Amino acid sequence: MTTHIPDFSDPAGTFRLFCECLHKGVNEINHPYRFYYLGTIGLDNTPQIRTMILRGFDEAKRSIWFLTDIRSPKISEIRQNSTVSLLWYDNPSRVQVRATATATIHYQDKIAKDRWILSTATSRSIFAAEVAPSTPIEGIPKLTPEINADDDLAYSRFAVVDCVFSTLDVLILSIHGNQRAIIDQLDLPIPRLQRVQA
Ligand SMILES: Cc1cc2nc3c(=O)[nH]c(=O)nc-3n(C[C@H](O)[C@H](O)[C@H](O)COP(=O)(O)O)c2cc1C
């Protein structure tokens, strides 16, 4: 992650480095971990992948979360299969981290409300869009709704999805030799780390 190369001889330290990158990704808009790719299984079994913004990270729960429109296809996909894949890649350090996670949708519950209150007016306005994501449209799409859009209506489309990761697949590309490890048992003080062929 970015400035350090993980040392696979230290499983706890390697996991710690990943956690530090996630904290930075939440707080620094230009950090390479700010954006990641979310993979789901489509309703017709076709793999689906898309770019997402890292909105939050709870280190104790090993959970990251994203904000999305409850009407979006990814919600139906997660309802059908809550196992998701998350992917980060940092080009300067040539480190890729792929995480397997279990997703939980929060809609009109305390977690959704708390995170709605914390979100900016600009973020909220996105959810005021009248037309549901992926709906076929004719011509040029309507501009993003105004920032002072109907807050209750926007909230009725707002969902938070928590993704608790269980396994990390860390790959480091290097001219000195590629390295790769699978890290699991993340709830233990020292996670289990297995080096694998890159
Ligand atoms: C840089 C970037 C960041 C994005 N962040 C989010 C996000 O945080 N939440 C979201 O729902 N969609 C986000 N999107 C849009 C998704 O990639 C995707 O196109 C959209 O959510 C529809 O996905 P779905 O049809 O699979 O549900 C982002 C797209 C880009 C290009």
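What covers the buried residues of α1? Strands do much of the work in the answer below: the cover includes β3 (56-58), β4 (63-69), β6 (95-106), β7 (158-172), β8 and β9.

**View 1. The protein chain as a whole, with five helices and nine strands.** Welcome to the overview of a predicted model, in which local features need pLDDT of at least 70, side-chain atom pairs count only at pLDDT 80 or more, and totals for chains, interfaces and linings use all residues. Residues are numbered from 1 along each chain as its sequence is written. Helices (H or I, at least four residues) and strands (E, at least two) are DSSP runs, numbered from the N terminus. Read from that end, the order is α-β-β-β-β-α-β-β-α-α-α-β-β-β. The C-alpha trace spans about 55 × 35 × 30 Å along its principal axes.

**View 2. Helix α1 (residues 11-27) and its buried residues.** The 17 residues of α1 should span 24 Å at 1.5 Å a residue, and the end C-alpha atoms are 25 Å apart, which agrees; the expected span is 1.5 Å times one less than the number of residues. Buried here are Pro 11, Thr 14, Phe 15, Leu 17, Phe 18, Cys 21, Leu 22 and Gly 25. They cover an arc of only 155° around the axis, which puts them on the same side of α1; the arc is that of the directions from the helix axis to the C-beta atoms. An α-helix has 3.6 residues a turn, so residues three or four places apart point the same way. A residue is buried if 20 or more other C-beta atoms lie within 10 Å of its own, exposed if 12 or fewer, and partly exposed in between, with C-beta atoms placed from the backbone.

**View 3. Asn 45, in the loop between β1 (35-41) and β2 (47-53).** Most residues other than glycine have a negative phi. Asn 45 is not a glycine, yet has a positive phi of about 75°. Asn 45 is exposed, with 8 other C-beta atoms within 10 Å.

**View 4. Gln 185, in the loop between β8 (179-184) and β9 (192-196).** Here too is a residue other than glycine with a positive phi, near 50°. Gln 185 counts as partly exposed, with 13 C-beta neighbours inside 10 Å.

Key
Contact = placed C-beta atoms within 7 Å.
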